[in-house]
Amino acid sequence: MQTEIRPRYALIIRLPREAEVRLEDAFLSVIGATKPAMGYHLTLVGPYLLAPGVASPHLPAIARVCRQTRPFAVQIARLGVFRQENDNAVYLDVAEPEPVVALHRRLLRAAGAMIVPESEQLRLWTVENYRPHVTLGLRMSDADLEEFLRLGSARRVDVTFPVERVRLVEQVPNGPWEYIAE
């Protein structure tokens, strides 16, 4: 029996271009650094799939939460690492994550059973152990990670930006992530 491959979705906060330029200037020249195709961002919910029977990713309950949320500021600053042998990720941590975490929880409650995590591992990372962050590099070997930390830890970036909108992104099988709603 073949499993149907479906589009996956995420709700994200995109960093303003000025903040992206600061991150690019500070880190893109460091070994292992990457920039996501959809730009630097904080993932609020996802990646996820639509639950069986849900026809559209445009969920009114999510839109309602977004409309009811007042703009707030996010500050990203210090480097962090998700360590896994030869498959490491480097990120910038959110200095005061409470507003982002609160929005994450409200969005999860609003989406309820209409969305499902893509895998058990993603459920653990994005639901149970959610940590807002901006990814700077993925799939780094242990050696590249150590080099990144050696060079990157000397680069201080303290970026604060307003959060005024949430974006819905979609990735069709074997395709890039694309913005489909704001």
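Predicted model: local features only at pLDDT ≥ 70, side-chain atom pairs only at ≥ 80, totals over all residues.

Biologist: In which sense do S3 and S4 pair, and over how many bridges?

Modeller: One point to look for along these two strands is phenylalanine 82, which stands opposite alanine 89 of S4. The pairing of S3 and S4 is antiparallel, and the number of bridges is five.

Biologist: How many of the seven residues of S4 are buried?

Modeller: Valine 90 lies in this strand, and its relative accessible area is 0%, whereas a residue counts as buried when the value is under 20%. S4 is largely enclosed by the rest of the structure, because the number of its residues that are buried is seven of the seven.

Biologist: Which residues does valine 90 contact, leaving aside its neighbours within four places in sequence?

Modeller: For a sense of scale, the C-alpha atoms of valine 90 and glutamate 164 are separated by 26 Å, although these residues are 74 apart along the chain. The contacts of valine 90, once its neighbours within four places are set aside, are Leu79, Gly80, Val134, Thr135, Leu136, Gly137, Met140, Leu145 and Phe148.

Biologist: Which parts of the structure do the buried residues of helix H1 pack against?

Modeller: Helix H1 spans residues 17–27, and its buried residues are Ala19, Glu20, Leu23, Glu24, Ala26 and Phe27. These buried residues of H1 pack against strands S1, S3, S4 and S6, helix H5 and strand S7.

Biologist: Is the pair of phenylalanine 27 and phenylalanine 148 stacked or edge-to-face?

Modeller: The structure holds three aromatic pairs, and one of them is tilted, namely tyrosine 9 with tyrosine 48, because their ring centres are 6.1 Å apart and their planes stand at 35 degrees. For phenylalanine 27 and phenylalanine 148, the centres are 6.0 Å apart and the planes are 15 degrees from each other, and planes under 30 degrees apart make a pair stacked.

Biologist: How many residues apart in sequence are the parts that this phenylalanine pair ties together?

Modeller: Both phenylalanine 27 and phenylalanine 148 are buried. Phenylalanine 27 lies in helix H1 and phenylalanine 148 in helix H5, so the parts that the pair ties together are separated in sequence by 121 residues.

Biologist: Which ring does the charged end of arginine 167 sit over?

Modeller: A charge counts as sitting over a ring when, among other conditions, it is within 6 Å of the ring centre. The charged end of arginine 167 is 5.1 Å from the centre of the ring in question, which belongs to tyrosine 179.

Key. Residues numbered from 1 in each chain as written. Heavy atoms only, no water. Buried < 20%, exposed > 50% of the residue type's maximum accessible area, 1.4 Å probe, protein only. Helix = DSSP H or I, 4+ residues; strand = E, 2+ residues; numbered from the N terminus. Contact = heavy atoms within 4.5 Å. Phe/Tyr/Trp six-rings, centres within 6.5 Å; stacked < 30°, edge-to-face > 60°. Lys NZ or Arg CZ within 6 Å of the ring centre and 35° of its normal. Pairing = 2+ DSSP bridges.
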